[in-house]
There are 2 protein chains.
Amino acid sequence: MDERGLHRLIGTIIDPERLEDDCAVIPCGNGLLLVASTDMLHEITDFPAGMTDWQIGWMAVAVTLSDLASMGATPGQVLLAVGLDRPERLSGIMVGARDCCTMFGAELVGGDLDAHQELTLVSTGLGTVSPEHLVRRRGARPGDIIAVTGPLGEAEAALAGYDQHRKELLEPQPRMKEGEILGRAGVSAMMDISDGLAVSLYDLFAVNDCGFSIDTTRLPLPAGVPEDEARELALYGGGDFELLFSAPPGLLPVSGVRAHVIGEVIPERVVLADGEPLERRGYLHAWDG
Amino acid sequence: MDERGLHRLIGTIIDPERLEDDCAVIPCGNGLLLVASTDMLHEITDFPAGMTDWQIGWMAVAVTLSDLASMGATPGQVLLAVGLDRPERLSGIMVGARDCCTMFGAELVGGDLDAHQELTLVSTGLGTVSPEHLVRRRGARPGDIIAVTGPLGEAEAALAGYDQHRKELLEPQPRMKEGEILGRAGVSAMMDISDGLAVSLYDLFAVNDCGFSIDTTRLPLPAGVPEDEARELALYGGGDFELLFSAPPGLLPVSGVRAHVIGEVIPERVVLADGEPLERRGYLHAWDG
């Protein structure tokens, strides 16, 4: 059973609408909504070899901030639970986490500490957004354009040996400013692309009543990679921190956001790349059994 | 270096005042404060042998709700990150987590899912409290009484073979109602006793400018355990979910809360049990090296 199969199971236990988005949405009573996200990372699966402790702390915060960005939220606070394998790692991890918070306007306000055989980090991010600027995964309408905020496949390119993309892999930059601006501008649906573009398009597909058609010649590709390989990485590679969104035609350009239109929302219930069904493949956790 | 030594290190990286309490306190803008807590549990250290998956899910939520209770907060939402070793465990864990939320008036609103060699759960709880009813660890004053909300040492008694206390060990009941009522009543300092009474008294000692003197003959003891052993368990045993608080003399009794006065706050900077310095010993995570 893969991760999404297990998510369906969870949808039988808690409100399935709660599972549609990157964050939980909580009325705050002051005209704002609180959005909350939690993300678990651990050494073997999530931290590429050669990462420093500082980069590990940075990344743990970046993933949860990216979830806030995908809802159009302003970042607020971060909690970090650390399952620590060796005490000498704590300082680097915490400084990296704090620096990522500071860079994007959040504050590291607390956490938990535990001894663990394998280093495990769980970051929880809180942000706020007004109800009219909240963006969900649901909301795409036929005729909308589909766009992304930057090159895709860079993190996977670094894993494939293209060292010019190591920084994107190891010190990812969540698109906080872009998420807020796009939320205020009125995009119709949004998410972050952590598991690759193809999987993300199918995630949008699952909660919308329309389809998506992309033109792979329009994908912003990782620099310095042969074009065929670059396109493969852009479609199926994981680890990117760009935002994928739909918007009414004519909304773009939006000042302050570099957006690349890659396709359009269609009425047919299908996900197409260059007119052919797109393979649903990418970075998915899988369990045996 | 033990857990508290590492906490001191963290205090050099993030605001040390943030580390004093069980929860982070966040202004919410509507006259209320948001309190947020995150707790990491994993199989080897935290889940006694023989626990069911349902009980594991229950406990993961109970620990974070207990943190909210210790600040006087009303529980709101819980996020649960699950590092899952075997997919067939997910259902039991999620139902246990949801049931604990439901029992205490919280809602399970989201989480994350990851594959993990050792089962690891991280729960994050959000609650609200008005500024005048918020209770912190800091605030005890000489002359205040010290009290607890129920018997101490029951969880550790179960580990020692006293099976009549298995339920307290495996299905702990966070003192939500008691925490809220005590916050409204005006207790001066509060925390939950997860690592044993002795360690908790020293935790209060560390953030207050006074001392604590308890009378061990007044400790509410686990039933059915020989008195000497029971007193040892009550002082040093971990895994309890009772609240420890100080309050102005005359505040108790408070309607709706069963409280046991066990001592008083003193001006001297010392923690005493029956007039002698209390050993700082209990349940502490420790790392080699």
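Which hand does the crossing of α3(A) and α4(A) have? The crossing of α3(A) and α4(A) is right-handed. A crossing is called left-handed if the near helix is turned anticlockwise from the far one by less than a right angle, and right-handed if clockwise.

Before I go on, some housekeeping. This is a predicted model, in which local features need pLDDT of at least 70 and side-chain atom pairs count only at pLDDT 80 or more, while totals for chains, interfaces and linings use all residues. Residues are numbered from 1 along each chain as its sequence is written, and chains are lettered from A and ligands numbered from 1 in the order in which they are written.

Chain A in outline. Chain A has 9 helices and 12 strands; these are DSSP runs numbered from the N terminus, with helices being H or I of at least four residues and strands E of at least two. Along the principal axes, the C-alpha atoms of chain A fill a box of roughly 55 × 50 × 45 Å. A compact globule of 289 residues would have a radius of gyration near 19 Å, and the 18 Å of chain A agrees with that. That radius is taken over C-alpha atoms, and the globule rule is 2.2 Å times the number of residues to the power 0.38.

Back to the helices. Two packed helices are described by the angle between their axes and the distance between the axes. In chain A, α3 (residues 53-70) and α4 pack at an angle of about 45°, with their axes 6 Å apart. The axes are lines fitted to C-alpha atoms, for helices over the stretch in contact, and angles run from 0 to 180 degrees between N-to-C directions. That makes α3(A) oblique to α4(A); angles under 35 degrees count as roughly parallel, over 145 as roughly antiparallel, 65 to 115 as roughly perpendicular and the rest as oblique. Residues in this contact include Trp54(A) and Trp58(A) of α3(A), and Cys100(A) and Cys101(A) of α4(A). Contact here is defined by C-beta atoms, placed from the backbone, lying within 7 Å. By class, the contact of α3(A) with α4(A) has 12 nonpolar, 4 polar and 2 charged residues. Ala, Val, Leu, Ile, Met, Phe, Trp, Tyr, Cys and Pro count as nonpolar, Asp, Glu, Lys and Arg as charged, and the others, Gly among them, as polar.

In chain B, look at α3(B) and α7 (residues 176-185). They pack at about 15°, with axes 8 Å apart, which makes α3(B) roughly parallel to α7(B). Their crossing is left-handed. Leu65(B), Ala69(B) and Ser70(B) of α3(B) meet Met176(B), Glu178(B) and Gly179(B) of α7(B).

Now the two chains together. What rotation superposes chain A on chain B? A rotation of 180° does, with 0.0 Å of shift along its axis and an RMSD of 0.0 Å.

The contact takes 49 residues from chain A and 50 residues from chain B. On the chain A side, β4(A) gives the most, with 8 residues. That side has 25 nonpolar, 17 polar and 7 charged residues.

Notes. Two residues are in contact if their C-beta atoms, placed from the backbone, lie within 7 Å. Copies are superposed by least squares on the C-alpha atoms of residues with pLDDT of at least 70 in both.
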